[in-house]
Amino acid sequence: MKSSSLSLIAGTVALAAVTGFAALAAPGDTSAAEPKAATRLPVERSSLLCPAPGRSDLAETTYTAYTPAADVGGGGAGTAELTPSTAATADGTTGGTGKGDAGKEEDKKDAGKEEDKKKDDKDDGKGDRKTDSPKPVLSLKEPGKPVTAEVSGADAPALVGTATGRLAPGWAAQQTTVVEAGARGLLGVSCTSPGADFWFPAVSTAKSREDYVHLTNPDDTAAVADIELYGPDGSLKSDVGEGITVPARSGVRVLISTLTSEAVEDVTAHVTTRTGRVGAAVRTADDTTGSDWLAASVSPNGTLVLPGIPADATSVRLVAFAPGDDDADLKVQLLSPGGPISPVGNESLHVKSRMTAGVDLKDVTRGEPGSLLLSPTKGGEGTPVVAALRVVRGKGAGREAGYIPAAGPVGAQATAADNRAKGSTLSLTAPGATGTVKVIASAGSKGGEQVVKTYTVKGGTTLAVTPPVPSGLKGGYALTVRTESGGPVHAARTLSLPQDGVQMFTVQTLSDDRGTVAVPDAVQDLSVLDD
């Protein structure tokens with residue numbers, strides 16, 4: 001075999017491993033263009049970003065990280081660490097005035113000056129000087145067992161991190177914060193992968209709300225982001241939401257109400273990047289219903305599932321947005337334990353192009369757990385939309401709000417990293433055909449043995465269960481949901497910690513963790529390589 005042939009084989013294998021697309025065939029052989037079966041391989045690198053938890057001196061934050069034990073081996077031993085963002089300040093801002101309002105021009109100018117200084121230092125040779133790396137807040141040593149860390153007060157930083165080798169496939173992290181006074185609440189958010197496009201329906205610029213977009217940059221160069229706002233009448237004019245600099249490996253928070261002069265109850269925020277990548281999440285706060293995190297909606301789609309509405313919800317508000325040129329006409333259904341139900345008076349929702357629509361579904365669950373299904377009224381693929389729910393539990397002074405964004409199915413597997421011996425509820429919904437999933441309760445962070453249970457979810461229904469708990473549990477544990485058979489299943493985990501008569505809670509959806517990647521089998525005809 002000629003050396004050039006060996007190089008060709010090696011190059012093809014390398015390309016397939018990196019990109020997932022490569023084929024080797026004889027010149028003129030058109031069979032290489034035909035679809036081939038794909039092999040799913042574990043990813044070997046994964047990144048996560050956690051926003052700065054908040055500004056309250058009374059906050060108690062728990063970080064949890066976990067990688068599920070794999071059925072098949074991944075890469076080498078690997079590492080998985082989450083470290084503080086290098087430039088985060090006590091109030092979660094970076095490179096600015098410290099006022100917590102990155103939307104103001106002076107903050108952007110200061111951030112720009114900081115970047116210029118970094119460039120000057122590099123030109124002078126100073127940028128090459130070694131600096132002490134921040135100490136990891138969380139360091140995972142093995143799959144199948146979570147690790148936790150606790151931080152008190154307003155100084156808890158944004159975290160950035162990477163997992164490699166056998167710790168990369170399915171790596172998940174979550175932060176859970178308890179604030180007992182002021183903008184009280186149980187605030188939970190799953191740490192996210194970096195990206196360049198995020199949609200947040202259900203934010204607000206109303207005077208009773210104080211919503212912040214948190215942007216976290218994992219890379220060694222600055223990212224530049226834009227934030228667009230859309231209300232019921234279309235785009236909300238804003239000049240200061242453009243060109244927001246997020247310094248390298250840092251976090252910036254932007255008070256949404258400073259981006260526009262209009263006070264609007266239902267707003268959709270669209271975060272994009274011009275350069276670089278960020279993680280994005282919204283921290284909401286309301287004068288009467290406390291605080292929580294709002295995660296990004298799944299990408300625009302004609303059919304959406306919003307899983308995990310608590311049975312005792314006293315108020316549910318749906319907010320949807322159509323980003324394209326066409327209006328959307330949606331059928332609204334509650335997937336209850338007994339099957340689909342059309343809310344009386346709210347059987348459908350019309351969403352105008354590039355306008356935010358909100359509707360109060362009130363106590364739509366009526367004492368039973370449920371999930372919301374949005375689908376085209378005329379069938380077909382429909383007009384793509386994004387959506388989220390604002391859910392309130394309790395009454396009077398004991399009201400507490402949480403948020404449920406539209407989410408994708410659990411797919412191969414999905415994980416909620418932070419669970420306790422009491423207070424967790426797992427909601428499973430099958431919007432189409434009946435589906436079966438395996439639920440794995442991991443070993444405890446401080447002790448306990450894994451427990452596995454299988455659930456079958458009837459098509460068109462929601463099944464809410466108290467999830468399995470590890471035997472002999474000490475500390476917290478992770479829940480991993482894996483699809484076994486049947487139709488797609490969507491999931492959410494509700495964590496409840498009642499405090500002085502207030503039903504403090506937070507809901508995290510579980511979507512496919514993308515712990516594997518499809519690599520098409522290479523097409524090989526080695527006869528062309530003969531001498």
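**Labels and their cut-offs**

Reply: Ala322 is placed in the loop between β20 (313-321) and β21 (328-336); strands are DSSP runs of E, at least two residues, numbered from the N terminus. This is a predicted model, where local features need pLDDT of at least 70, side-chain atom pairs count only at pLDDT 80 or more, and totals for chains, interfaces and linings use all residues. Residues are numbered from 1 along each chain as its sequence is written, and side-chain values use heavy atoms, with hydrogens and water left out.

Me: Why does Ala322 count as buried?

Reply: Its relative accessibility is 0%, and buried means under 20% relative accessible area (exposed is over 50%, partly exposed in between; 1.4 Å probe, protein chains only). Ala322 therefore counts as buried.

Me: What does Ala322 touch, not counting residues up to four places away in sequence?

Reply: Among them are Val351, Lys352, Pro384 and Val385; contact means heavy atoms within 4.5 Å.

Me: How many aromatic pairs does a search of the whole structure find?

Reply: The search finds 2. Rings of Phe, Tyr and Trp (its six-membered ring) pair if their centres lie within 6.5 Å; planes under 30 degrees apart count as stacked, over 60 as edge-to-face and the rest as tilted.

Me: Why is the pair of Trp199 and Phe321 called tilted?

Reply: The ring centres are 5.5 Å apart and the planes are at 35°, so the pair is tilted.

Me: What makes the pair of Tyr230 and Phe321 tilted?

Reply: Here the centres are 4.8 Å apart and the planes at 40°, so this pair is tilted.

Notes
Helices (H or I, at least four residues) and strands (E, at least two) are DSSP runs, numbered from the N terminus.
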